[in-house]
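Please examine the sequence and the structure shown below, with attention to the ligand and the pockets.

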Amino acid sequence: VLEIASGTGQHAVYFAPRLAVTWQPTDVDPSYRDSVSGWQAADPAEPDGADWPGAELRSQVLPPLHLDVTAPWPALAADIVYCANMIHIAPWNVALGLLEGAARLGPRALVLYGPYKRGGVHTAPSNADFDAWLRGRDPSFGVRDLEVVVAEAANRGLRLVEINEMPANNLMLVFAPM
Ligand SMILES: C[S@@+](CC[C@H](N)C(=O)[O-])C[C@H]1O[C@@H](n2cnc3c(N)ncnc32)[C@H](O)[C@@H]1O
């Protein structure tokens, strides 16, 4: 799994051992890459009594790499490209860079997690509030239209194959090569 925009790294250390996959975290921001490394080095008994698989985890989560989706991507191979909570907290060209780069890698699937508008409308008042907050922070940010993301993915050879409803009005989208 190639993870784009790993952020703190909590998804990486949680999912990799449980899904029994090799996980490559990446982020554009060095402070987040440091955070990923911190989670990799964390005592398995921490942070909150959670059952972190220690040595197993360290071998399944690779050291984080610098990857800016809007710049040329490093030469990587991945079965799955996974990205949570990035495309609404970044300018639109970041979403396009993600789709472009992921399509070029030719993974079996691209998995996107986050809030989306459907048919041009928010799916919940909390998402509308979140969108207003995002746009207040930066007018180029904002909850994206599902149909627009799907169309841009299709332009790059990725078709939507699954929409999974997730807690708190988020969606987990799965794209596959056409
Ligand atoms: C809200 S955080 C999400 C982190 C993590 N995926 C999660 O769900 O908790 C947004 C992330 O997008 C990353 N990001 C923003 N622009 C990016 C870009 N151009 N290329 C790669 N990552 C980017 C940020 O550095 C940050 O880690």
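The model is predicted, so local features need pLDDT of at least 70 and side-chain atom pairs count only at pLDDT 80 or more, while totals for chains, interfaces and linings use all residues. Residues are numbered from 1 along each chain as its sequence is written, and side-chain values use heavy atoms, without hydrogens and water.

**The ligand**

The ligand is surrounded by 16 residues, and the closest are A5, D27, D68, A84 and N85; a residue counts here if one of its heavy atoms lies within 4 Å of the ligand. By class, this shell holds 9 nonpolar, 4 polar and 3 charged residues. Ala, Val, Leu, Ile, Met, Phe, Trp, Tyr, Cys and Pro count as nonpolar, Asp, Glu, Lys and Arg as charged, and the others, Gly among them, as polar.

| Ligand atom | Protein atom | Distance |
|---|---|---|
| nitrogen | polar backbone atom of A5 | 2.7 Å |
| oxygen | side-chain N or O atom of D27 | 2.5 Å |
| nitrogen | backbone N or O atom of A84 | 2.9 Å |

Taken alone, the ligand exposes 590 Å², of which the protein buries 81%; these areas come from the Shrake-Rupley method with a 1.4 Å probe.

**The pockets**

A pocket is an open set of points on a 1 Å grid over the protein atoms alone, where a 1.4 Å probe fits, with protein on both sides within 12 Å along at least five of seven lines; lining residues have an atom within 4 Å of a point.

The largest pocket has a volume of about 540 Å³, the space filled by probe spheres set on the points. Its lining has 24 residues, and A5, D27, Y32, N85 and M86 are the closest to its centre. The ligand takes up the space of this largest pocket, with more than half of its atoms within 2 Å of the grid points. The lining divides into 11 nonpolar, 8 polar and 5 charged residues.

The second largest pocket has a volume of about 180 Å³. Its lining consists of V1, F15, L19, W23, I80, Y82, V111, M172 and V174. These residues divide into 9 nonpolar, no polar and no charged.

Notes: Polar contact = N/O pair within 3.5 Å; in protein donor to acceptor, adjacent residues only side chain to side chain.
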